[in-house]
Amino acid sequence: MTLLGGRYTVGEMIGTGGMADVYIAQDERLARQVAVKILRSDLAKDPSFVSRFRKEAFAAAGLNHPGIVAVYDSGEDPAPYIVMELISGHTLRELIHRGERIPLDRALEIGEGILAALEYSHERGIVHRDIKPANIMITEMGDVKVMDFGIARAMDDFGATLTSTWNIVGTAQYLSPEQAMGETADARSDIYSTGCLLFEVLTGRPPFTGDTPVSIAYQHVSGELPKPSSIQPTLAGDIDVLLAVALAKKPQDRYQSAGLMFDDLHRVRTGQAVTTKIARTKISRRTFLTSALALVLALAVATGGVFLSRPDSSVGVDGIPNVVGLSQIAAQALLTDYTVTIARAHDSRIPKDRVASQFPLATTRAAKGSGVILTISDGPGDAIVPTDLVGLSLIDARSSLAAVGLVIASTQTVPSDREQGTVLKVSPEPGSTISAGSGVVLQIASGQVEVPALIGIDAIQAKTLLVQAGFLVREVTAFDAAQPIGVVIRQAPDAGSTQTIGQPVTITINTAP
């Protein structure tokens, strides 16, 4: 038997995860059973991670709340470990996977328990960053306990948002949009994750699902949130309102504290009406924006216009570089201003181990430090048509397809009450296995969009503008000695004309003979 720190005798394994294994252990000094989480050996070899792990273990040990699994001790002999309270019960993940239907009142009660624990931790500066059913314990007495504060915080500081956690699709289902893009997570990220968890407990399915973590992330960032009552008609409309706020894309549009969400959840549970966002701020969003605009204009006048013309140093002036076709190392060298997440997929068009696609697209203006997802080619092979394309916008569907090595062959527009460009049907059928590099046909909601002016601009930027406007891209080459190489010298249809969304626009790129 292993003896940790000369004090804890390690027994049988009771759990495992991507970062650590959990064992029952005997505390020889206090003669009690505890749970010991031992850090995975490959992570334990990284000094910077161990340092953060140690710091956050101490921080988590200072959380003394009945809704948080207590941390008693930590050490590094012979491997980094955390000693925790041993809980008799099951994780919420286990209960969900059993297919047990949790009664409404009990589901809301579990949500209250999680939010009470988060309110306590947030007030002490500890953000969990990994709220998911596997980290929620339900004791044999029915109490709710949140665990893994220390490791979750350490992993986030280590820079492992999607890169490490996307090995498991289930983790991606609870990531906030800012985490999905590799940006900084705060207390409002925990609120979003709690909303995802509560959505699943109440409806029987997560708010966003997909075949790959990348496809799920796209939906967190820009997918339309389904109403819980559309899945479970017995749910009250107030639950739709509550979860719409908790799962807002922008952190500033969510509940600004766990306590505020707890209050609304308690109102639903006790039959009261939830408080609207306007009531919580005492000022409407429109009034706020109007006031803010007036303030900006006043400042602009006062500073002679300098305020408006000063460039934002946090945003890359030239936009995100084009790295498609480069090796991973070369691509990352060009993307040092951004947080890079790596995914892999078969692609017959791009050589193995080269970047097959990037999101956001090249030349897109993005804040420094924001996330860029690179899909690295695994060479020729098969791809599975994503099952989550219906309901996505055209640009999001394109990105989701690119992430698995597929492209849009053509679109078919039909009248619909959905927003123009929304995917209504996919061919081949979602879930089908086809050769990577193949094209799929999307049926989309019809609409009219204006063709952007492209002549004279760089071809990479032109293609990005077309995709963002809702067009497919067709490119041909020609040579004009009077024009710079690499720019668009002709386009069809003409700039300013109105065309059906999803139709191709042909650009002629000036290429040396």
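In which loop is the place of proline 493? Proline 493 sits in the loop between β20 (488–492) and β21 (498–500), where helices (H or I, at least four residues) and strands (E, at least two) are DSSP runs numbered from the N terminus. The views show a predicted model, in which local features need pLDDT of at least 70, side-chain atom pairs count only at pLDDT 80 or more, and totals for chains, interfaces and linings use all residues. Residues are numbered from 1 along each chain as its sequence is written, and side-chain values use heavy atoms, with hydrogens and water left out.

**View B. Positive phi at alanine 31 and arginine 129.** Most residues other than glycine have a negative phi. Alanine 31, in the loop between β3 (20–27) and β4 (32–39), has a phi of about 55° and is exposed at 60% relative accessibility. Arginine 129, in the loop between α4 (104–123) and β8 (136–139), has a phi near 75° but is buried at 12%; buried means under 20% relative accessible area, exposed over 50%, and partly exposed in between (1.4 Å probe, protein chains only).

**View C. Valine 340 in strand β10 (residues 339–345).** Valine 340 is buried, with a relative accessible area of 15%. Although valine 340 and glycine 182 are 158 residues apart in sequence, their C-alpha atoms are 7.5 Å apart in space.
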